[in-house]
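Hi,

Here is the structure I promised to pass on. Have a look first, and my notes follow below.

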Amino acid sequence: MACKLTVQLRDSDLLAYLKGATPPAINQHIAECPECQERVEALAAPPSRLTQALYRITCPSSLQLGEYQLGLLPEPAAQAVTQHLCTCPHCTQELALLKAYLAKVSPDLAPIPASSLVERVRVRVAQLVTEMTDWGANVGAALGQGAAMTPALSGVRGVRGPTDGQSIYTVDDVQIILDVEADPMQPDRKVILGLVLGLEEPQSAVAHLWQAGRHVAETVVDELGNFMLADLPPGEYELILSNEKSEVHIQTLVL
């Protein structure tokens with residue numbers, strides 16, 4: 001008998017069912033669906049390579065769980081781990097073992113309070129200054145450097161014609177210039193080209209892209225302040241530029 005669901009359950013859903021980490025609606029469907037029951041039995045069989053390959057595929061890494069326990073994860077990532085722990089007995093058990101291990105080897109070690117992290121890492125939120133259609137001229141005007149900015153940016157970023165989706169964000173003495181374009185190889189995907197100005201040692205920074213509490217991409221910033229994030233589906237993101245001393249957030253970035 002064929003499965004009655006319009007969109008069939010994925011193998012990862014069935015693996016979550018085997019782990020007891022699925023909601024009641026999925027449990028009830030599998031109990032009443034012979035086809036899904038056969039798929040569950042196949043995945044549960046010892047020789048199943050797929051079970052081995054997909055085992056805990058949706059779980060955070062051991063490193064992330066360690067950083068979570070020590071209070072080192074950014075807030076969006078920490079929230080995602082907290083939500084995951086509510087439904088995953090494997091990660092809950094792994095975290096309990098980690099807590100016990102840390103208590104044994106270093107009884108005084110405790111999660112770092114959020115206030116301490118704020119003292120160590122300065123978090124700043126950048127604001128949108130302007131959206132541009134003429135890349136070089138508008139960048140120069142926004143930064144008070146006039147038309148002379150055009151050839152300088154062209155040399156750093158490469159010569160491009162006018163395109164939509166170019167914006168300037170600023171906070172204190174830092175400016176972030178973003179150019180969002182269609183990926184030439186994948187028209188349904190986007191590319192973010194970024195230039196950071198006013199940041200000390202830009203090559204020490206990393207550009208992180210988050211979406212709905214999930215870390216989706218990251219790349220290093222080069223010594224000239226350039227970075228690129230590619231192969232991005234359209235949507236709403238948060239961009240974070242971080243180094244050891246500070247974080248600059250663009251909280252809402254729509255591609």
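Let's start with helix α3 (residues 34-44), where C36, V40 and L43 are buried; buried means under 20% relative accessible area, exposed over 50%, partly exposed in between, with a 1.4 Å probe and protein chains only. These three sit on the same side of α3 because they cover an arc of only 65° around the axis, taken from the directions from the helix axis to the C-beta atoms. An α-helix has 3.6 residues a turn, so residues three or four places apart point the same way. On the face of α3 turned away from the buried side you'll find the exposed residues E38 and E41.

Before you read on: this is a predicted model, with local features needing pLDDT of at least 70 and side-chain atom pairs pLDDT 80 or more, while totals for chains, interfaces and linings use all residues. Residues are numbered from 1 along each chain as its sequence is written, and side-chain values use heavy atoms, leaving out hydrogens and water.

As for the whole chain, it has 10 helices and 10 strands, which are DSSP runs (helices H or I, at least four residues; strands E, at least two) numbered from the N terminus. Buried residues make up 38% of its 255 residues. Among contacts (heavy atoms within 4.5 Å) between residues at least 6 apart in sequence, 58% join residues at least 24 apart.

That's what I have so far. Happy browsing!
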